[in-house]
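Subject: Handing over a structure

Dear colleague,

I am passing on the structure below, and would be grateful if you could read it alongside the notes that follow.

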Amino acid sequence: AGTEVQAVQEPGFVKDAKRKAFWNQPWVMLVSFLCALALLLGLVFQVMVAQRDRLVVEYPQVRPLLEKMCEVAKCQIALPRHLQSVVIDSTTFNEIGPRQFRLTVVFRNTADYAVAVPALELSLNDAAEKLQLRRILMPVDMQAPAALEARGNWTAVVAIKVAENGQDVVGYKVLAFYP
């Protein structure tokens with residue numbers, strides 16, 4: 001006759017003791033430590049790549065390390081894009097001919113380091129405040145320098161031509177941004 005063997009379940013305190021014993025083994029602790037270290041290094045790598053432009057400005061000695069990191073991450077080191085440091089001090093928009101205007105914008109960098117020149121969004125409105133023209137002016141369109149120097153000013157002067165089929169331009173708005 002066949003006899004059946006019943007499986008005996010271990011009590012909960014025995015399972016807890018085995019689980020604790022497993023996690024306290026030296027090889028398990030070493031693997032856990034190495035995984036935590038790898039994750040920490042990965043996080044440091046991500047932060048350094050994300051903040052590379054600012055780090056190069058604040059700590060120029062880390063540039064070679066960041067350049068090697070950018071080879072791996074396929075990124076480039078550029079001037080910081082810190083829009084909070086760029087102030088538009090003044091703007092003027094004057095008619096210089098039929099349907100031709102001159103936009104003058106004075107940028108001021110409030111940071112203690114050089115920042116990238118932002119692009120501008122120019123919106124022209126008619127008397128009913130209806131949008132007549134929206135144009136994006138990139139730094140190259142404004143013949144901008146490579147950077148806004150620390151605590152420096154720069155004035156952009158751009159000629160704008162408006163199509164003949166639109167209403168008269170009465171108002172304008174200028175907004176700085178980084179594309």
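Is C75 buried or exposed? C75 counts as buried, because its relative accessibility is 19% and buried means under 20% relative accessible area, with exposed meaning over 50% and partly exposed lying in between (1.4 Å probe, protein chains only).

Before going further, please note that this is a predicted model, in which local features need pLDDT of at least 70 and side-chain atom pairs count only at pLDDT 80 or more, while totals for chains, interfaces and linings use all residues. Residues are numbered from 1 along each chain as its sequence is written, and side-chain values use heavy atoms, with hydrogens and water left out.

To stay with the cysteines, the count comes to 1 disulfide, the rule being a pair of cysteine sulfur atoms within 2.5 Å. The partners are C70 and C75, whose sulfur atoms are 2.2 Å apart, and the link is left-handed, with -90 degrees about the S-S bond. C70 is buried as well, at a relative accessible area of 7%, whereas C35 counts as partly exposed at 44% relative accessibility.

Turning to the interior, a nonpolar core is here a set of buried Ala, Val, Leu, Ile, Met, Phe, Trp, Tyr and Cys residues joined through side-chain atoms within 4.5 Å. The largest such core has 27 residues, and those touching the most other members are F93, L103, F107, L120, L124, M142 and I160. At least two residues of this core come from each of β1 (86–97), β2 (100–109), β3 (119–125), β4 (131–137), β5 (153–161) and β6 (171–177), where strands are DSSP runs (E, at least two residues) numbered from the N terminus. A second, separate core holds 8 residues, including V49, L55, L66 and C70. As general background, nonpolar side chains tend to be buried together in soluble globular proteins.

For L124, neighbours within four places in sequence being left aside, the residues in contact (heavy atoms within 4.5 Å) include F93, L133, I160, V162 and Y172.

The strands named above also form sheets, two strands being paired if DSSP finds at least two bridges between them. The antiparallel strands β3 and β4 are joined by 6 bridges, and L122 has R135 in β4 as its bridge partner.

Finally, there are 5 aromatic pairs, counted where rings of Phe, Tyr and Trp (its six-membered ring) have centres within 6.5 Å, with planes under 30 degrees apart taken as stacked, over 60 as edge-to-face and the rest as tilted. F22 and W23 make an edge-to-face pair, 5.3 Å centre to centre with 80 degrees between the planes, and F22 also pairs edge-to-face with W27, at 5.9 Å and 85 degrees. F22, W23 and W27 form one aromatic cluster.

With best wishes

Notes: Helix = DSSP H or I, 4+ residues; strand = E, 2+ residues; numbered from the N terminus.
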